[in-house]
Amino acid sequence: MTATLSKVDRGRAQEARPRPPRRYRLSNLDTKVSPYLFVAPFFVLFATIGLFPLLYTAYVSLFDWEVGADEPLFIGLENYRTLFEDDQFWNALFNTFSIFVLSSGPQIVVAVLLAALLNANLRARTGWRMGVLLPYVASLVALTIIFGNLFGPQYGLVNDVLGLIGIDPIDWQASTFGSHVAIASMVNWRWTGYNALIVLAAMQAIPRDVYEAALVDGASALRRFFSITLPLLKPTLIFVIVTSTIGGLQIFTEPKLFEPSGGSGGGTEHQYQTVVLYLYQSAFQGLDLGYASAIAWVLFLVVIAVAGLNFFLTRRAVK
Amino acid sequence: MRHRWISVLICAATTAAVTTACGSGGASQSADGKTELTIATFNEFGYEELFKEYEAAHPDVKITQRKTGQGQPHHQNLFTKLGAGSGLADIEGVEEGYLSQFMSKAGQFNDLKEIGPKIEDDRWLAWKTQAITTKDGKLMGYGTDIGPLAMCYRKDLFEKAGLPSDPEGVKALFTTWDAYFAAGDQFIAKVPGVAWFDSAAQVYNAMHNQLETGYYDKSDKLVIDSNTAIKANWNTVTAAVAKGQSARLGAFSNEWNTGFKLGKFATKTCPSWMLGVVESQAGPENKGLWAVTDAFPNGGGNWGGSYLTVPKQSKNAKKAAELAAWLTAPEQQIKAFKAKGTFPSQVKALDAPELLEQTNAYFGDVKAGTLFATQAKKIKAAQYKGPADGQIQETVVSPALQSVEQGKSPDEAWKAAVEGAQKAAK
């Protein structure tokens, strides 16, 4: 049947048919339109606060757009060219990855082990499970300020403790690696328990009879963990790794508040300035919105690339 | 029942209308025919009682204050709304640290000489007005308060080092920067474990602001690497750091606060408002140990203080300028000083008995008002600030000095500072 034919047919049929009662027409409209209305809030919200800013940022990134300047100047891809030649940007990208690896790596390993522990027969199980979530409930800002104090270069508790066991104090602000460790420890403190609970939920969904069969076959606890638990956790691990990639590469609050003077430089020589912190500095200190938008877009693409890469790696590694 | 719903609706509609009016900044006429003036301030300007007084004298004016706790978000908001083209208050407070950024956007503010009431030129200290006058002579703001610099020092630590510690005798140590750093050498040799000053940036910034030409020359050309005076200051300060005169505590950090409590440094560059900071950080256990004297190396200096400005966005610019002019008159600023301790920038207010008789118990009942009034009059001229001046000071030079304190070589740090300044100035 062709489109034209059916169209004509329908038109004629409608003309010929007596007008349905008003009530019926309304309910017809209801079945056709209201589903769209029901799902509309998400799409309208997403379009206004998700999609529009995303595209508008791309538009702004093509201009020399300074806050308060009279007329933004169209410069094409110039911002991106400057960005790829900008040492500070590459330094920020390195810092972001370094902090990401130092946090997400140990975090996921510990989260899986923690989940395995919580999955065992413990006394006061719920109490333990609630306990690991406590750091997540605490305010991020309060947490960061307290960690900033603990990692104080001159009067911090961490250096005092290191001194007790004979290690020279580390300048957590001046040293690149030291500052990354300090910031990664804040991230780990906050997120390990949260990820452990997600992994725990997945562990409990693994059918008991698989384990029982393995037990009958004489598999050791270690063997059962590596041959049953881990492979069956794969979808959850992929989820955890991808979300922590997205979160880790966008890290901002911790390095921002770790700076004792409250600036956005991320240390005296940008030792721990992350990409988002550099973005913030360009936008709200340098007031260069075009450049900041270019940083935002490059970061967006980097996050997608890395999350995709991790997705494939995880899928292949855990068979 | 039905009537109640209608009235609720009307209420909601009016509220919405009023808030949009407020949001668009230049709220002109409120429902009762009064002119509504909004004024955006940060920290404490001490104006709350003055608004009531002004409203009583001008029944046709209603004042709404938008108060932000801290300066940083206030100015971020100011510059963002300037970019957006709407949303600013009729009167906006601007702090001295943001002056260079503000002056580069002066075109979006009213020339108060043009729209404001006639004010005698000598109401303010000359350097205060000079700093907010454009090259072609436009007055972009009325001065409110200032932060004249004096020297704070720990009496007990000075005694320990065998240095004079009474406010008169100590002045010899603070005549020039050379004398200051020489005394520092003497001090650290005698009192181990205690530094001479808190951080290099704090001393360097005061030295820098005394220079005739700063990071920019008057044609807005960046001269950081050609102005030899800047490099000379840099060398002096980093040499003192190398000798151990710096406590290496970044200002306003938690460790800096701890340094105050533990008495880890013996002197502090002290604008008038710093006395309160010292008192709250050093705490009651150190009461009477800190002193302040009306001397400052190479004359005087200023750190802090604000202006009232009227953006061109304002729909009631003339009336706003009138209010701002009234608020910044000596009589009113003295009242603000009494309310919140903001140190006035008006010449006549500096001779007011209320100010001259003010004492500070924490600093051994010193006559702080007289002391800082003397210091304010020592300041000669305002240094010309180029477009990115504030940013260079805050985000380039200060961190570079701190990196020297963290162990970087002064030459490398200087190179980084020059490069950073060139990038910021672009």
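Me: Two strands count as paired when DSSP finds at least two bridges between them. In this predicted model, which residue stands opposite B:Gly143?

Reply: Strand 4 of chain B covers residues 142-143. Strand 4 and strand 8 of chain B, the latter at residues 306-309, pair in the antiparallel sense over 2 bridges. In strand 8 of chain B, the residue opposite B:Gly143 is B:Tyr307.

Me: Which strands of chain B are the edge strands of the sheet?

Reply: The open sheet in chain B is built from 5 strands with mixed pairing, in the order 2-1-3-8-4. An edge strand here pairs on one side only. The edge strands of chain B are strand 2 (61-68) and strand 4 (142-143).

Me: At about what angle does helix 13 of chain B run to strand 1 of chain B?

Reply: Helix 13 of chain B spans residues 317-327 and lies across strands 1, 2, 3, 4 and 8 of chain B. Strand 1 of chain B comprises residues 35-42. Relative to strand 1 of chain B, helix 13 of chain B runs at about 50°.

Me: What is the radius of gyration of chain A?

Reply: The C-alpha atoms of chain A fill a box of roughly 95 × 75 × 35 Å along the principal axes. A compact globule of 319 residues would have a radius of gyration near 20 Å. For chain A the value is 27 Å.

Me: How many residues on the side of chain A that touches chain B are polar?

Reply: The contact takes 21 residues from chain A and 23 residues from chain B. On the chain A side, 7 are nonpolar and 2 are charged. The number of polar residues there is 12.

Definitions and conventions
Residues numbered from 1 in each chain as written. Chains lettered and ligands numbered in written order. Predicted model: local features only at pLDDT ≥ 70, side-chain atom pairs only at ≥ 80, totals over all residues. Contact = placed C-beta atoms within 7 Å. Nonpolar A, V, L, I, M, F, W, Y, C, P; charged D, E, K, R; others polar. Rg over C-alpha atoms; globule rule 2.2 N^0.38 Å. Helix = DSSP H or I, 4+ residues; strand = E, 2+ residues; numbered from the N terminus. Axes fitted to C-alpha atoms, helices over the stretch in contact; angles between N-to-C directions.
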